[in-house]
Amino acid sequence: MTPLLIENGRLVDPSQSIDRVARVLVTGGLIAAINPDDGDLPPNVRRIDARGRIVAPGLIDLGTELREPGREEDETIETGGNAALAGGFTTILCAANTYPPIDSPGAVEFVRQKAQRARTCRIHVIACLSRGREGVDMAELSLLAEAGAVGFSDAPRPTSNSALLKKALEYCHMLDLPIYDLPLVPELTGTGVMHEGRVSTILGLQGLPTEAEDLAVTRDLRLAEATGGRLHIGPISTLQGVELIKRAKQRGINISASVWPQTLSSMTDKELESFDARFKVRPPLRNERHIEVCREALIDGTIDCISTGHTPRAREKKVNDLDLAPFGMVSLETTLASINTDMIRPGLLSWPDAITRLSTRPAEIAGVPGGSLKPGSPADIVIIDPDIAWTVRGDAFQSRSNSTPWEGKQLFGQATHAIVGGEVRFERHA
Amino acid sequence: MSQTLPEPPSSWNRRHLLGLQDLSVDELRTLLDTAQQLKEATNNCREKLSLLAGKTCANLFFENSTRTRNSFSLAAKRLGADTVEFSSSGSSVAKGETFIDTAKTIEAMGVDWVVTRHQTPGTPHLLARELSCSVLNAGDGPHEHPTQGLLDILTIRQHRGNIDGLTVALVGDIAHSRTARSNIWGLKKLGAHVILCGPSTLVSHRWRELDVEVAYNLDEILPRCDVLNLLRIQFERQTTRPFPSVHEYANLYAMNTDRMRRSKSDILIMAPGPINRGVEITPEVADGPHSVILEQVTNGIAVRMAALWLLANAPHNSSTSEPIVH
């Protein structure tokens, strides 16, 4: 493998509290040194000039739907992996909502082998929490872990069965693996398609009330407290949910939480006035009050990290009326730019804090390698040009699906390189 | 006939009628005035004209309808247009085709208007973006039913001469009512005070944000009302029971002879239909002297004639500049 020297870039690595122009030497797939002496460079080193760009640990997504096996018309392991790389993600954790669902060691093995063959980003598996994702009995969590699963979840189905969640949190103690729960009380969301509020009242569209999320967060926090289990709650999209998490953390409850990019964006529920299914996403686009509180929670660390919420749905599924079109959006390739556009450029979030929430914390929560450029770490690196202005065109994505609420909008910033294990696996040509 | 009916005003440039929310006061008045003229010119909507001869109106009803579909058909025929009827049951929609593809197929057969009803809000807006012909919203879920709103307002105007200053109560299942949503926009723009009345599970406090009055006690507001529009309980759209029983609902909100005695002497009783006798209205009231329910039906044809005629005469390139969202 050719050694790499990334030079002249602004190195942002929160794990080492580094934010300065520096060069990074990569050899043997690992970070060899920060600011090596010229005399220490290998003779055949490939130089990458990152002048004007940011060099950071590769981004890590805690929840990507890859849809393979069974729903390859939406996404495959390979196309999802390529989309991840194009978005600056060197590691993703894939969701278990495939057909059949990932509830057996064989299914975990299938994804891992396909991922290995695809040679895109690192792909880890979040396996089913319950058998068949039916929400009744625990899946064989220990065997799934042995096969390589790094966590468990029935998402995007919420774990409605409180007894199951409690037992699983207790059981996962001995595995020291996290459970990811989507906070939602389905009885309260019903057939809702958008944020419940003034706009849904006018449009006559069924609403998704904030209480559906808030009640589930309340229950999840209580069960995490009672069991001491590792629980990750997300995505959070309501101001009350943020308040609950803030208080729980103040009381020392061991939980973490994430937010999806659309919840931080300048888009509100008013986008649904177009009746365009691109804006049918869950959590829904809410109003300014919720957006503001979620942004503040991300800034102050109440919310630990940003997940992409990449939920690809084939074009033919989204070209329909709002009741029939499924929830979903592709977001691996827009998350970095949307956070840059909506949070970093307006001065709400610094680059080190953004990298913390997109890489360092996700690595800690998931317990997977990455999130750091310390010498000796795997050389998973993203190089970002923060100033590129581009207009989102779903048709140009690496992802097999193309429905995005950012369609046609101008965003700033893109990954120019994604390096996995010292190998340049994505390079954007101007 | 074309000599007695004025040309459509040059200010009218809409090719679609999707709702009353985005219509201007002038546009509302133009629609109402045109409907009134057409009603008179067709002898109370009974005679045929040839204003739209050679044109074709497609009724694409993805949701069941009797009165609205027939009303649109008759309106088109009264103006000399041909009609194409489409129902989703047994159609290609039932075979898995999207409603957009179905509509495109019908349009390709050469139609000038698509009149559409669908259970999901926003579907006419999607069709207006996808089709090149005019789109008329005949009801999109609980969102809007613009011609119903217009015919209600036309009926009130015929009896009261003006809308400005009237107090109009919409009573019943506001949450699921497209009639209510169109009535609110139209009535308020023309100066009426609108009261929404019904059980709190069907009249959210959020409605107050639209500058309307929200009331839960019909008996309290009754003496102030000039018009009562009694909306049907739309059980088919409800996912949970909003009140304990029909009996209890009728006790609280049904317009009956006792409540009529406590109303203004010239109160107008309206209902968009179909009416459920004994639920929102008792037979004595439905068939009584204050009821204008059947006049509403007649006015429906006039309003739909006006809509078809105005849209047909809109400048052809107007659809690109016309805002189709609110």
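**View 1. The salt bridge between D387(A) and R345(A).** D387(A) pairs with R345(A) in a salt bridge whose closest N and O atoms are 3.9 Å apart; the term denotes a side-chain nitrogen of Lys or Arg within 4 Å of a carboxyl oxygen of Asp or Glu. The model is predicted, with local features requiring pLDDT of at least 70 and side-chain atom pairs pLDDT 80 or more, while totals for chains, interfaces and linings use all residues. Residues are numbered from 1 along each chain as its sequence is written, chains are lettered from A in the order in which they are written, and side-chain values use heavy atoms, without hydrogens and water.

**View 2. The two domains of chain A.** Domain 1 (4-54 + 379-427) and domain 2 (60-366) are given by the domain assignment, whose bounds are automatic or taken from a database. Their C-alpha centres lie 25 Å apart.

**View 3. The area buried between the domains.** About 3600 Å² is buried between domain 1 and domain 2 of chain A, 62% of it from carbon and sulfur atoms; this is the accessible area (1.4 Å probe) that two parts lose on being put together, summed over both. On the domain 1 side, R400(A), S403(A) and W406(A) lose the most area to domain 2, together 19% of what that side buries.

**View 4. Contacts across the interface.** Here 40 residues of domain 1 are in contact with 49 residues of domain 2, contact meaning heavy atoms within 4.5 Å. The count of salt bridges between the two domains is four.
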